[in-house]
Amino acid sequence: MPLATLKQVLDEAKKGHYAVGAYNINNMEQLQGIVNAAAQTKSPVIIQASRGAIKYTEMNYLVHLIKAATELHPEIPIVLHLDHGDNLETVKKCVEAGFTSVMIDASHHPFEENVRITKEVVDYAHQFGVSVEAELGTLGGVEEDITGTVKLTDPDQAKLFVEQTGVDCLAVAIGTSHGAYKFKAEPVLATDLIPTIYEKTQKPLVMHGSSSVPQDILAQINKFGGQMPAAQGVPIAPLQKAIEGGVAKINVDTDSRMCMTGTIRQIFHEQPTKFDPREYLGPAREATTKMIAERMQAFKTAGHAGDYKVLSLEEAKKQYYGL
Ligand code: 13P
């Protein structure tokens with residue numbers, strides 16, 4: 001099965017009233033952990049790489065690892081997506097390397113500039129059948145080299161933005177932030193904005209900064225020498241409410257990072273004689289599978305892998321963009 005496009009996977013998710021998690025990776029064990037969860041739960045899956053991840057893995061290793069995943073699991077739709085692309089040059093490199101989806105994040109620019117940069121990427125990517133996600137509004141926290149202060153997405157602007165750019169899906173800001181320290185007290189999220197934005201745009205919506213920061217994994221990290229006091233994430237219930245309102249892609253990175261770290265810390269602490277990477281990366285991979293499989297159940301992605309035949313980029317180009 002070829003790599004799937006984000007547009008197909010999200011359109012199908014909207015039809016089936018579920019969301020697909022977009023899980024960030026930086027190495028083979030994370031990818032295997034996530035793909036094994038998708039295989040176990042029969043879920044479509046979005047694998048995403050940030051610019052930092054591409055630099056870390058080197059593009060070739062990353063793309064060939066994903067190719068291996070599609071060969072080993074032809075039964076699962078797998079999207080390869082660029083997370084937070086900064087400009088057309090980065091997007092071009094990813095499209096040339098085989099990504100089937102890109103995000104252009106010009107959300108820190110004024111509206112007109114965001115439209116101009118996004119439209120340029122849409123015009124380029126659609127020629128190859130590649131899907132485009134863009135963002136309107138800003139999240140808190142740090143992503144790559146950009147620190148954001150929260151600016152909620154305006155539904156009327158979102159309508160204009162989608163009309164003027166032709167994006168396939170839209171990331172919205174409703175009060176989440178990237179990283180492990182999302183809230184100082186109770187989570188405050190503007191989930192009520194989501195149905196309004198969806199109604200106006202009629203596009204699948206994307207939620208960034210959606211790690212839940214599981215408290216059992218946090219306790220494991222801190223018990224075995226970590227120092228992550230007061231880390232707090234987005235509970236599952238508001239994520240499920242967001243899915244009902246129109247969110248079809250949910251970005252999760254921090255949870256996978258914490259999951260590997262917790263397992264590795266525990267093994268290092270309890271079994272200090274171990275020095276074979278397989279003896280700590282293997283269990284970390286299994287812990288990732290367990291945690292991601294829970295997300296796939298919670299987002300109701302489970303069981304949907306076989307719902308449709310994945311379109312090639314060539315087919316997507318004709319069918320979606322008439323090119
Ligand atoms: P988290 O830091 O909540 O995992 O968010 C990741 C993300 O939104 C990547 O784009």
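User: Which residue in β2 is the bridge partner of N24?
Analyst: The model is predicted, with local features needing pLDDT of at least 70, side-chain atom pairs counting only at pLDDT 80 or more, and totals for chains, interfaces and linings using all residues. Residues are numbered from 1 along each chain as its sequence is written, and side-chain values use heavy atoms, without hydrogens and water. Strands (E, at least two residues) and helices (H or I, at least four) are DSSP runs numbered from the N terminus. In β2, N24 has as its bridge partner Q48.

User: What is the handedness of the crossover from β1 to β2?
Analyst: Strand β1 (residues 20-24) pairs with β2 in the parallel sense over three bridges; pairing requires at least two DSSP bridges between two strands. The chain passes from β1 through helix α2 (residues 28-41) to β2. A crossover is right-handed if, with the strands pointing away from the viewer, the path from the first strand over the helix to the second runs clockwise. This β-α-β crossover is right-handed.

User: Which residue in β3 is the bridge partner of A49?
Analyst: β2 and strand β3 (residues 78-85) run parallel and are joined by five bridges. In β3, the partner of A49 is L82.

User: How many residues of strand β2 are buried?
Analyst: Buried means under 20% relative accessible area, exposed over 50%, and partly exposed in between (1.4 Å probe, protein chains only). V45, I47 and A49 are buried on one side, I46 and Q48 on the other. Strand β2 (residues 45-49) is largely enclosed by the rest of the structure, because the buried residues number five of the five.
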